[in-house]
Amino acid sequence: MKTLLKILAGVLVLAVVAIVGWRYYQIHRARQAGLLTENIAHDGNLWKADFTARIPAPEQTVFAAIRDIEKTHNDQVKMVRVVSQSGNKKTVDIDIAAPGGQTITTELVFEYLPEQKKIIYHTVDNPLLDTQAVYQFGDEGASTFIDYHETTHLLQSFPVPDGVIKQVIRGIFVAQLESLKHTLNLKTGDAANSGDDEP
């Protein structure tokens with residue numbers, strides 16, 4: 001019986017260490033990507049996320065990189081296809097890698113407002129969620145401050161804890177920052193983040 005308790009205690013300690021290590025890794029990854037602050041909350045199936053971030057590149061360069069989303073490719077974004085483009089609006093299909101080798105295609109409509117230093121986007125006909133988001137850019141000379149607000153209405157109930165949904169929302173934004181830095185050929189590292197703000 002004592003051996004069984006020692007084994008269970010050892011497994012429990014390993015599990016706690018793994019969870020703490022994973023959380024530390026996620027915080028470190030977010031900080032390296034440029035995330036400064038976050039606030040994710042929900043009321044029922046309506047989730048609101050507010051993030052701030054800093055990218056070490058001029059505002060016009062950052063704006064152009066997000067505007068030209070079809071040039072984005074990374075481990076999670078497999079392909080971006082422009083469906084239509086007219087004036088300051090662009091509709092794209094994004095193929096995102098999903099578990100089990102699956103691919104999820106999401107259609108987004110972007111509206112570009114360079115004079116307001118703002119990009120707005122929303123999902124189109126997604127059976128799982130309805131998302132609307134705004135990037136607001138602040139020009140800091142050699143770097144860009146990003147103020148990001150997202151509202152997502154889950155159209156189906158997901159039997160997962162709130163923490164998992166928060167992690168997914170945070171992970172998507174961090175992946176966007178990492179993709180942006182990759183597109184701009186910026187290193188994702190501690191040297192790129194001079195602020196002391198916590199994610």
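This is a predicted model: local features need pLDDT of at least 70, side-chain atom pairs count only at pLDDT 80 or more; totals for chains, interfaces and linings use all residues.
Which residues in α2 are buried?

1. Helix α2. The buried residues in α2 are Glu59, Val62, Phe63, Ala65 and Ile66. They sit on the same side of α2, because the arc they cover around the axis is only 160°. An α-helix has 3.6 residues a turn, so residues three or four places apart point the same way. The cover over the buried residues of α2 includes β2 (46–55), β5 (103–113), β6 (118–123), β7, β8 and α3.

2. Sheet order. The open sheet is formed by eight strands, in the order β1-β2-β8-β7-β6-β5-β4-β3, with antiparallel pairing. At its edges stand β1 (35–43) and β3 (77–86); each has a single partner strand, so one side of each is left without a neighbour in the sheet. From one strand to the next the twist averages 15°.

3. Helices on the sheet. α2 lies across β2, β4 (89–97), β5, β6, β7 and β8, and runs at about 160° to β7. α3 also packs on the sheet, where it touches β1, β2, β6, β7 and β8; the direction of α3 makes about 30° with that of β2.

4. Strand β6 and its partners. β5 and β6 run antiparallel and are joined by six bridges. Isoleucine 120 in β6 stands opposite glutamate 111, and isoleucine 119 is the bridge partner of tyrosine 112. The hairpin of β5 and β6 has four residues between the strands, and lysine 117 in the turn has a positive phi of about 55°. On the other pairing, β6 and β7 are antiparallel over five bridges, with lysine 118 opposite glutamine 136 in β7. Five residues separate the strands in the hairpin of β6 and β7, where aspartate 125 takes a positive phi near 50°.

5. Nonpolar core. There are 36 residues in the largest nonpolar core, and Val62, Tyr135 and Ile146 have the most contacts inside it. α3 gives the most to this core, with six residues. Neighbours within four places in sequence aside, isoleucine 146 is in contact with Phe51, Thr52, Ala53, Ile55, Val62, Tyr135, Gln136, Phe137, Leu177 and Leu180.

6. Ring pairs. The count of aromatic pairs comes to ten. Phenylalanine 63 and phenylalanine 137 form an edge-to-face pair, because their planes are at 70°, with the ring centres 5.6 Å apart. This pair links distant parts of the chain, phenylalanine 63 being in helix α2 (residues 59–67) and phenylalanine 137 in strand β7 (residues 129–139), 74 residues apart. Phenylalanine 63 is buried at a relative accessible area of 6%, and phenylalanine 137 is buried at 4%. Tyrosine 148 and phenylalanine 173 make a tilted pair, at 4.7 Å centre to centre and 35° between the planes. Tyrosine 148 lies in strand β8 (residues 144–154) and phenylalanine 173 in helix α3 (residues 162–183), so this pair ties together parts 25 residues apart in sequence. Both tyrosine 148 and phenylalanine 173 are buried.

7. Ring cluster. Phe51, Phe63, Phe110, Tyr112, Tyr121, Tyr135, Phe137, Tyr148 and Phe173 are linked by ring pairs into a cluster.

Notes. Residues are numbered from 1 along each chain as its sequence is written. Side-chain values use heavy atoms; hydrogens and water are left out. Rings of Phe, Tyr and Trp (its six-membered ring) pair if their centres lie within 6.5 Å; planes under 30 degrees apart count as stacked, over 60 as edge-to-face and the rest as tilted. Helices (H or I, at least four residues) and strands (E, at least two) are DSSP runs, numbered from the N terminus. Buried means under 20% relative accessible area, exposed over 50%, partly exposed in between (1.4 Å probe, protein chains only). The arc is that of the directions from the helix axis to the C-beta atoms. Contact means heavy atoms within 4.5 Å. Two strands pair if DSSP finds at least two bridges between them. Axes are lines fitted to C-alpha atoms, for helices over the stretch in contact, and angles run from 0 to 180 degrees between N-to-C directions. A nonpolar core is a set of buried Ala, Val, Leu, Ile, Met, Phe, Trp, Tyr and Cys residues joined through side-chain atoms within 4.5 Å.
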